[in-house]
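Me: I would like to go through some of the terms used for this model and see how each value meets its definition.

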Amino acid sequence: MLKTLSLSKTFDGEPLFTDLNLTLGRGDRVGVVGPNGAGKSTLLRILTGAERPTTGQVEYSPGLRLGYFAQQVPDPGLRVGDFLRGDLGALAAELDRHARTQDMASYGAALERWEALDGWGFEARLTDVRQRLGVDHLPDDRPLGRVSGGEQARLMLAGVLLTEPDLLVLDEPTNHLDADGAAWLGEFLAAFAGGVLVISHDRAFLDAFANRIYELDGIHEELQVYEGGYTAYRAEKSRRWQRLLLDYEAQEKYRVKLEEEIAKMKEKSLANEIANPRAPHKRRIARMVARKAVVRQRRLTRQLTSARWIAEPSTRPALTLAFPAEEGPVLHATDLAAPGLFEGLDLVLEAGDRLLVTGPNGAGKTTLLRQLESDRAMLLPQVHDELRTDVAVLDYFRAHVPVYVDEAESLLTGYLFGPDEWGAALRTLSAGELRRLLLAVMVNTPGRVLLLDEPTNYLDFDMLDVVEEALRAFEGTLVLVTHDSYFAEAVGVTRRLELGAGRAVLV
């Protein structure tokens, strides 16, 4: 259905990937993974023709229908019903017009097109997809500009699925789906007759549909290929890195080779900056290349560190401080309510409880966490842009966790913040790094109830491993909202609160 020939992409002189050859056919269900900035979305845009490669080409089978989901906002003036029905909506109107004017020749031609597109079964498919993706409540005449960002993303996904493409190319399709929606999409893709290529960090979702994983790891320029879903990928990746550790000479050759490449990048950047002191554009590109060299070095260090911790768990620094164990109730809330969502909710949490709050989008999960926030219960919100300041990572951590410098450095190392990042300003951190730092602070402060709203947002797989291990070691109480079933299981959920249909049920 699709194949690439020696595909490469360079960004400001730095290769994202080189000599990439892949083939996608019917029945192939591929998950694309890797850290942010490694080139995953760029690869998908090249495969769909939305962006040109630096070298190489993409070939498609004749007549291929390709469905691409990239969360791009459509025309805000377009109405929901017209957007979802697309050409079939216009064709239905044409059939109606020809029937009223009794233009039977035109009606017959339009009817042939209608039947070729399976127009008779379209409304049933439309109803099913709208229900499954949680957009069935939106009226057909509402403009797309008057629905939420999450609803727009789900409508875009619905629109892609309704076109019945041969090949689906999806970029983080579960970002705005609740647990039921993500589970349905995983089942849909697993049974899809065509080909599937999906970027995702949702591990349960990858296991549900993928039979192959492609990884752009930000270190190798070549695509790393693994057979199976997430679980098989993770096991094989661990084996590959552990083999590097067992073969020290090979590891050292690998490390030296990469460090030589990184040194060349830095030299190139410096030479460009010196040679072009009065060329702001070239100096900017030189600085970008230098930053990419630093990022690549950090990823190499993190990969080697993670591999060593997998092979020798005792070498991992501590992730949590020791606090006195608590007993009895630690949170007691009565008559909680949110208009139209839930009311009369009484909630008592015992020390050590791990409560998972579930429910469809819009059921009031985030509202509930905000109501529970107090001096005793710390909230991790979904966004935290107010923290983008000039305060250094180490200083921020010590301002909230009163420990000596060496102990703070050890704790931060456990959360994958190396020595070159301790002095970095918070405003320079990525969303995932900032979230990881906040979790490190929360786990190591005496506030013994943590309220976590989608804590896995922006975290790649290595970061997820660290956060899960830290929360397993945390002896306090957790209340979490997450659609990541792997995460909920890993941190040891003991109770569930289900919100929906105006009710709150504790199970």
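Reply: Axes are lines fitted to C-alpha atoms, for helices over the stretch in contact, and angles run from 0 to 180 degrees between N-to-C directions. Helices (H or I, at least four residues) and strands (E, at least two) are DSSP runs, numbered from the N terminus. The model is predicted, with local features needing pLDDT of at least 70, side-chain atom pairs counting only at pLDDT 80 or more, and totals for chains, interfaces and linings using all residues. Residues are numbered from 1 along each chain as its sequence is written, and side-chain values use heavy atoms, without hydrogens and water.

Me: Why is α14 called roughly parallel to α15?

Reply: Helix α14 (residues 431-443) and helix α15 (residues 461-473) pack at about 10°, their axes being 11 Å apart. Angles under 35 degrees count as roughly parallel, so α14 is roughly parallel to α15.

Me: Which residues of α14 and α15 make the contact?

Reply: With contact meaning heavy atoms within 4.5 Å, α14 contributes G432, E433, R436, L439 and V443, and α15 contributes M463, V467, A470 and L471.

Me: What makes β6 and β10 the edges of the sheet?

Reply: Two strands pair if DSSP finds at least two bridges between them, and the open sheet of six strands, with mixed pairing, runs in the order β6-β7-β8-β4-β9-β10. β6 (66-69) and β10 (224-227) each have a single partner strand, so one side of each lacks a neighbour in the sheet.

Notes
Angles under 35 degrees count as roughly parallel, over 145 as roughly antiparallel, 65 to 115 as roughly perpendicular and the rest as oblique.
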